[in-house]
Amino acid sequence: MLERTGLRPLVDAVVISAELGVAKPEPAIFRAALDRLGAGPDGALHVGDSLEDDVAGARAAGLEAVLVARNGAPAPEGVRAVRSLAELVG
């Protein structure tokens, strides 16, 4: 999919849940991504559109998490939210 969309050159690592045997929100999938990147949770940010799968899962693995709320819906207290990825640049 990344090749077909032209996004592959922009991605440093890929973790596929079916290959790993776990899926979000399991912390192991986030840790696997960190391992492939050679990064620690304190130097990483996970951005996703699901409170349970992305925000809760990333936090359980020790990562900072940001919720993408494209509809502008308010995030729960203590959760950083953006409407688009463009808000994270800069």
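The model is a predicted one, in which local features need pLDDT of at least 70 and side-chain atom pairs count only at pLDDT 80 or more, while totals for chains, interfaces and linings use all residues. Residues are numbered from 1 along each chain as its sequence is written, and side-chain values use heavy atoms, with hydrogens and water left out.

Histidine 46 is part of strand S1 (strands are DSSP runs of E with at least two residues, helices are runs of H or I with at least four residues, and both are numbered from the N terminus). Leaving aside residues up to four places away in sequence, histidine 46 touches Phe30, Asp54, Ala58, Leu63, Glu64, Ala65 and Val66 (a contact means heavy atoms within 4.5 Å). With aspartate 54, the side chain of histidine 46 makes a polar contact of 2.9 Å. A polar contact is a pair of N or O atoms within 3.5 Å; within protein, one atom must be able to donate a hydrogen and the other to accept it, and residues adjacent in sequence count only if both atoms are side-chain atoms.

S1 and S2 run parallel and are joined by 4 bridges. Across this pairing, leucine 45 stands opposite glutamate 64 in S2, the bridge partner of histidine 46 is alanine 65, and that of valine 47 is valine 66. S2 and S3, also parallel, are joined by 3 bridges, and here valine 68 stands opposite valine 82 in S3. S2 is mostly covered, with 4 of its 5 residues buried.

S1, H4 and S2 together make a right-handed β-α-β unit. A crossover is right-handed if, with the strands pointing away from the viewer, the path from the first strand over the helix to the second runs clockwise. Asp54, Val55, Gly57 and Ala58 of H4 are buried. The cover over the buried residues of H4 includes H3, strand S1 (45-48) and S2. At the N-terminal end, H4 is capped by serine 50, with a side-chain oxygen 3.4 Å from the backbone nitrogen of glutamate 52.

The structure holds 2 salt bridges (a salt bridge is a side-chain nitrogen of Lys or Arg within 4 Å of a carboxyl oxygen of Asp or Glu). One of them joins lysine 24 to aspartate 54, with the closest N and O atoms 2.7 Å apart. Lysine 24 lies in the loop between helix H2 (17-20) and helix H3 (27-37), and aspartate 54 in helix H4 (residues 51-60), so the pair ties together parts that are 30 residues apart in sequence. Aspartate 54 is buried at 3% relative accessibility, while lysine 24 is partly exposed, with a relative accessible area of 38%.

A salt bridge also links the side chains of arginine 80 and glutamate 64, at 3.9 Å from N to O. Arginine 80 belongs to strand S3 (residues 80-82) and glutamate 64 to strand S2 (residues 64-68), so this pair ties together parts that are 16 residues apart in sequence. Arginine 80 is partly exposed at a relative accessible area of 41%, and glutamate 64 is partly exposed at 44% relative accessibility.

Definitions and conventions. Buried means under 20% relative accessible area, exposed over 50%, partly exposed in between (1.4 Å probe, protein chains only). Two strands pair if DSSP finds at least two bridges between them.
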